[in-house]
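This report examines aromatic contacts and strand pairing. The sequence and the structure are shown below.

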Amino acid sequence: MEVLDYHKLKIFKTVADTKSFSKAAELLFLSQPTVTLQIKKIENYLGITLFRRDKKGVILTEEGKILYEYASKILDDYNLLEEGLSNLKENLQRSLRIGASTTIGDFLLPDILPSFLGKKEDIKVNLFVGNSKEIEEGILSKTFYIGLIEDEVHSNKYEQFEFFSDEIILIASKDTDIPDMVAPKDLQNYRFVFREQGSGTRNIVEKKLEKEGVKIKADIEISSSKAIARLVANSHYLSFVSRLVVKNLLGIHLKEIKIEGIKFTRKFYCITQKNIRLPKIDREFVNYLINIEK
């Protein structure tokens with residue numbers, strides 16, 4: 001006999017938050033057919049249709065909205081129950097779940113996490129690395145409670161604060177004859193490698209250049225900043241990346257190209273879902289980020 005259990009409600013809420021079966025499957029580390037099957041089981045059990053499709057993805061039906069409201073409360077209560085029971089068990093391993101956008105997950109967290117962990121040998125860390133949009137979706141689905149992203153979010157669903165200052169730079173192979181400084185209008189004469197749509201780095205660069213009246217297109221799109229740096233080092237392509245990505249490669253395989261009158265600075269943000277109580281270890285990590293040396 002089918003039951004409406006935590007597992008099914010978690011899948012349902014993640015699909016609703018991300019408006020996508022495939023994205024929900026990725027965040028929950030399940031196959032898409034598994035996600036689809038579990039949603040169908042809920043619909044059959046309740047005798048209702050939960051989702052309908054439109055141009056933006058899948059959206060909740062009126063019945064789905066009612067289930068979403070109650071499912072959210074049930075999942076929140078379950079998490080509080082789990083934390084309460086965990087705190088009663090002495091020496092129980094604690095889990096810190098973090099979602100981080102690519103630049104932060106690959107190039108900043110490995111430097112700052114060890115200091116936080118210190119002698120906390122009882123902590124298990126689960127880190128999901130994706131682009132900024134995926135991190136925002138993971139926060140809403142409670143796949144993780146803390147999200148670290150490269151661009152500010154404009155939504156009342158999140159609490160957010162700045163925790164790190166970064167600079168995005170234009171890079172080229174050290175072997176190219178491109179001048180060390182170029183005019184903004186000359187950027188259109190070059191070929192570019194960009195991160196994928198949804199990347200915080202790409203969003204910031206495109207917005208800034210559009211304000212300056214400059215529009216460039218991506219000739220190649222790659223979801224890995226490491227791969228972009230290597231490709232640029234071995235080609236005539238240019239790219240915009242965080243200085244964190246190439247700090248050990250500048251002057252060896254890559255060079256920085258300045259743009260007249262334009263500098264890309266940004267803040268990294270920590271986001272959490274609004275109006276929820278974070279587990280104790282997550283609160284400790286948030287306080288650590290607030291006090292970290294900028």
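**Aromatic pairs**

The count comes to 15 aromatic pairs, where rings of Phe, Tyr and Trp (its six-membered ring) pair if their centres lie within 6.5 Å, and planes under 30 degrees apart count as stacked, over 60 as edge-to-face and the rest as tilted. F163 and F268 form a tilted pair, because their ring centres are 6.3 Å apart and their planes stand at 45°. F163 belongs to strand β6 (residues 158-173) and F268 to strand β12 (residues 264-273), so this pair ties together parts that are 105 residues apart in sequence. F163 is buried, with 0% relative accessibility (buried means under 20% relative accessible area, exposed over 50%, partly exposed in between, with a 1.4 Å probe and protein chains only). F268 is also buried, at 0%.

The rings of F192 and F194 are edge-to-face, because their planes meet at 90° with centres 6.1 Å apart. Both residues, F192 and F194, are buried. One aromatic cluster is formed by F12, F21, F51 and Y68.

**Basis of the model**

The model is predicted: local features need pLDDT of at least 70, side-chain atom pairs count only at pLDDT 80 or more, and totals for chains, interfaces and linings use all residues. Residues are numbered from 1 along each chain as its sequence is written, and side-chain values use heavy atoms, with hydrogens and water left out.

**Strand pairing**

Strands β3 (residues 94-101) and β4 (residues 123-130) run parallel and are joined by 8 bridges; two strands pair if DSSP finds at least two bridges between them. Helices (H or I, at least four residues) and strands (E, at least two) are DSSP runs, numbered from the N terminus. L96 has V125 in β4 as its bridge partner.

β3 also pairs with strand β5 (residues 146-149) in the parallel sense, over 3 bridges. In β5, G147 stands opposite G99.
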